[in-house]
Amino acid sequence: MPDVTPSIPDRGPNRVPLVARLPAVAFVLGLAASLHGQSIGGLSAPDLQFFESKVRPLLIKHCYQCHASEGGRIRGGLVLDSREGWMLGGISGPAVVPGDPDSSLLIEAVRGEDPDFQMPPNRKLGEAEVAIFEEWVRRGAPDPRIPDPDASNATPVPGGGVPKEAGEDHWAFAPVRSPDPPRVEDPRWCTNEIDAFILAGLEADGLKPAARASKTALIRRLSFDLRGHQPSPEEVEDFLADRSDQAWSALVDRFLASPAFGERWGRHWLDVARFAESSGKEQDVPYPHAWRYRDWVIRAINEDLPYDQFLRMQLAGDLLGGRTREEVGSNLVATGYLAVGPKSHRERQRRQFELDVADEQIDTITQGMLGLTVSCARCHDHKYDPVSQQDYYQLAGIMMSSETLFGGYGTRSGMQSDLIDLARSDSIGGGLSIPAGLYARLLDQHDGLGSQISELESRRASGDVTESEYRQRMRTLRQRQAPVEEVLARFDEGGAPTSLNKVAMGIRDDVAPADARLLIRGELDNPAETVPRGVPPIADLRDPILIEEGSGRLELANWIASEGNPLTARVMSNRIWLHLFGSGIVATTENFGLEGAPPSHPALLDHLATRFLAHDWSVKNLVREIVHSSAYRMATDEHPAGLRVDPDNARYWRMSPYRLEGEAIRDAILYAAGTIELGAPGGSRVSWLPGRVPNDEYLVEAMLSSDSRSIYLPQMRTLSAVILETFDGPESSFVTGDRDETNVPSQALLMLNSDWVTRQADEMASMLLSLDVDDRRRQEIAFLRTLGRPPTSLERSAIRRFFADFGALLDDGEAIDDQRGQQARDRVRRRNQRRRGLAEAPETPLERHGGTARDQARLIAWSALCQSIFASAEFRYLD
Amino acid sequence: MTPSDHGFCSNRITTMSRREMLKGVSCGFGMLAFAGIAQSVCARHATPPNPLAPKDPHFAPRAKTVIFLCMSGGPSHLDMFDYKPKLVADDGKALSTGRRRGARLMGSPFKFTPRGESGIQFSELVPNIGSHADKITMLKGMHTDIPAHAQAQVQMHTGSFQFVRPSMGAWTLYGLGTENENLPGFVTIGPNRGNGGAQKYGSAFLPAVTQGTPIPVTNGNRPATVENLSRARFSRSAQRKQIDLIQRLNESALRRSGDPDGINGVIQSYELAFRMQDTLPAVLDVGGADARTRELYGLDEEPTARFGRQCLMARRMAESGVRFIEVTASGWDHHRNLRQSMLDSCTGIDKPIAGLLTDLEQRGMLDDTLVLYGGEFGRTPDAQNGDGRDHNAKGFTMWMAGGGVKGGFEYGATDDYGAEAVDGRVHIHDWHATILHLLGLDHERLTYNHAGRDFRLTDVHGNVVRDILA
């Protein structure tokens, strides 16, 4: 007799309750064979009578309430109102092994020997009743309840997921409540209600909050947290001088109003929106218009667009209309959210491609906005959360009833689509002008390919090439020419963008929206029943919101962006907290499901969500409230009790120091060097990219020569700026809520050896040397611009010693190993820029500086000092 | 042997808190590295503890180095190592029960042959690995908890799919230290950023120095290198002066900072980076390999060039004393088009892996180098999308070679269709316990106290698979 007991990983004696067991992949073929051998219709009269008089009443009385397909609530995926139901079994596998009571889960359950596995759960059956079930199974489980084979021709779908009831008690699916701040012993510490929640937790553990951080530390912390770069020396000076009670709130308001706020917090959202400017996957097709979505995000955050609106526009901006053409255009651009995801343009089957795109969208939406991993239910019911495959295909129906507009030029053989036409929105810019040299080069390429094409035509006319050879070569030539043609069409001869460049990625409703069919195991050629499209009953939603008209994206958006949704406000409040405290109240920022981490401070999370909602979903307001708390203003100082009780600082007894992201490190260097180009460039260099396979060197050059803030750098899925990658940039094919923080030698090497860092250090040194101050003051300025504080006396003596040692090496000609090498690299770089038609880099600071060998040596020594500060731990760690 | 007999677990790390070690003592281990300039500070401590100095294991080790060939995406055991004639015989039959009801069984389209004296079956996709049959222990009853890539990858690397925990490379380094202070002790060659990302080589709560150093590898002819590995402007001596200055600034930060771990990690990274500039280029530069080596690893053939380079680098690192080396091959997630994709994927790794085993053996290194092969899970016997296979965490194959395991040995088995491990079941926790055992470490004694409790790579699980020990 085959063993059909679901296998349980050998993890000791703990029995897992029936519904929580991992589903057994039931390769119980022995059983299947024995069932096939049974005469289906031919029950003997005694067997039939036994079933009808004894077994069926018991099943109805004790089991149907939770295990009947008519009942609506099917627990454990098991139905017992049909023969097929117990044969198929629930998530623990088949319920009955005919003829073998001891191997039958049903018998095990009704015997109730294992309290965790007992059925019915609350009351043990009497011995007589158990005996009836045992007898029934021993007889081979005769069961006349065989469905009419003509009743349905759709393939029934195996169930077996987590029942909806499993989510009923889950904290994250319960409504957000507005908790009263707890009583604390020492309320003097509390600036606002947030502090009460923190302090109550600390007091419970016998901990005290750390002292307030110094003003120098505070302005640096706030500046990086809100703007993504350090405060200027003047800002530090003003803040230190301002002894008024309003000093902090004035500073907070100024930073919140800075355009840099949107660049900082926009980047946080772009991580969650898995933003990139190319398709990733096999080909990495460039998306030349993705930047419009990026800029929309930055603007929306700077304007403090209410977060519900922010989400609604990204999901359904095309369905929201607008009062002006500009507003309509802007709402359309917002839907770029749905279009900028990774895609496999080489996929040959349109339907498969659409399914994959919809899946990627569902994954991004549910993880990013709801903290749920609904995409797990594409091929089977979700294994840990009450999300069924039906739920998934309800959502898929919505996404598949929309047409994603991603462009994909240059992929003549692959998947392409329209784009959104913005030509009518006058105030929307056309993007960056293409450099004249690059334009000319593209034109040359295009013409060159053109003459090869005409040559091929004439050779064909004269019969020099065979027809198949002709076709093959022509296809290759056209494939090379098409992307070049496409770029040229978007710019006029002066290099200015044409109306063809006024397009955006996004989405629109299909002309004929339709429900999707559930796909067994997610397989395209294995469709089961059609599932009505709609917002599925996930989280707190009991009944699906079915869609009568249109795709349903607006209904989905409205459900997500509603005050009543228990997840939306919590998930975002948690993200905001994470970016200010370094760790989320819920550590698994993308998973608020049953397997996610529980909140460390549930009441605080609900308090934040309540405040978020009370202030009309204002991100800026919630940030303001949090940074006004005493908790945010704690020092990072350690104390022994805290380290002993809570070394991870999960209770927030101090501020956690954290390492800055690559963007902040790069931007801080540019700020310190004075080379930063402020503001949005108004486009992306990716939009000049000819060819479907981006030329690495071209992009690397574009990144190295850009002085824009990091958020504006080209970000391809297979290539982003080295400095951003080295400092744990996000994998832009996935939703990233919380970045990694590593500490590896490649980061040290970058700071020591990269030409880019060296050049910025030269720029900063050159600027310092141009100031009319003495060297002591120069050092002070160098520290103030980078670390926001003057050097200590120990540091001054270290610098003195460094200048002496290093100067001696310089004087002896032993410091520079590779200056010629570097100059040669600079020359090569310029030549390449010329060749690629890019604007040439200006003179390097060393070239500009000129002067005697001694002057040059002085510049190099000061550059080495600046570089050392960039390289120091303090520069990249925020206290 | 009592716990205090071996060097590391006695009183240095477990009884002294890491923070005391790092900060309380004014010259924590980070300081050691620039002893030259820090002598004045460290005068009170003649020999500051170096956390990466070689340490004695718990008992005599069978291996001192690990090379983990990590197949990301879940390679199909059924088409490489786990021969299932019944699956072939029942090809096309539909499953009539269970969640996958209706799915059709798919026998491996690839031919299997017994290899070596042991007669272990290898498919035609891995003929070269098959020629090493008698050096290999097959673990055919592997199973893990979660059939999803990211979780399973993270669990394979850290033991936990839920929490952030140190990777096994970090645990190894913590337990044994490393023998070459000029190279990182834990290197991961060509890791993919997805599927768990940096967690796969992270140190979590262990000291940051135990973290893996990623060596990115690209396709094509660009030599693999760590970016910015060569000095841009300064001579070696001038850069040393500059690093001395940086370390003085870091030392100053260490006195004030609330994050001694982070600062110490930075300090350590500069010293290692400085030394790596001299040592790493030679290890990474496979261009100079001789003709025999190029042929052995398939460096000059397009399909094998990338992974061949990675394997050759791994051998050189092992030779140089790097403790734990991971080598990643991605792209094993064959939900469709399995016939062609498996052929491509296997071609990419078969010759390089065989070359690595040959090379290690010829250099006499295989005895104390433990080579691990495996992916995060296996695949289903039933077909998906016609010609593909779905994820399967319930049964799959990994293998080990060298470093104290039996050769030509098969352990465990899946059922007739290869769906589920039924015999000699080895969970990832058991796998971890066995690897540590081969390194001379008792997985129950390799602990680290964090947040008030002792953590282990194997948590509260893990059994050493003693049957496979040579």
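What is the mean pLDDT of chain A, and what share of its residues reach 70 or more? The model is a predicted one, and for chain A I find a mean pLDDT of 86, with 90% of the residues at 70 or more.

Next entry, on the build of chain A. I read off 35 helices and 10 strands, and of the 879 residues in this chain 50% are buried. Among contacts in chain A with a separation of 6 or more, 70% join residues 24 or more positions apart.

For the domains, I noted domain 1 (18-151), domain 2 (187-253 + 582-658), domain 3 (264-425 + 506-562), domain 4 (436-496) and domain 5 (753-878) of chain A. The centres of domain 2 and domain 4 of chain A, taken over C-alpha atoms, are separated by 59 Å.

Last entry, on the contact between the chains, which takes 80 residues from chain A and 70 residues from chain B. On the side of chain B that touches chain A, strand 6 (213-215), helix 8 (236-256) and helix 9 (260-284) each supply at least two residues, and helix 8 of chain B gives the most, with 12 residues. By residue class, I recorded this side of chain B as 24 nonpolar, 29 polar and 17 charged residues.

Terms used:
Residues are numbered from 1 along each chain as its sequence is written. Chains are lettered from A and ligands numbered from 1 in the order in which they are written. This is a predicted model: local features need pLDDT of at least 70, side-chain atom pairs count only at pLDDT 80 or more; totals for chains, interfaces and linings use all residues. pLDDT is the predictor's confidence in each residue, from 0 to 100. Domain bounds come from an automatic or database domain assignment. Two residues are in contact if their C-beta atoms, placed from the backbone, lie within 7 Å. Helices (H or I, at least four residues) and strands (E, at least two) are DSSP runs, numbered from the N terminus. Ala, Val, Leu, Ile, Met, Phe, Trp, Tyr, Cys and Pro count as nonpolar, Asp, Glu, Lys and Arg as charged, and the others, Gly among them, as polar. A residue is buried if 20 or more other C-beta atoms lie within 10 Å of its own, exposed if 12 or fewer, and partly exposed in between; C-beta atoms are placed from the backbone.
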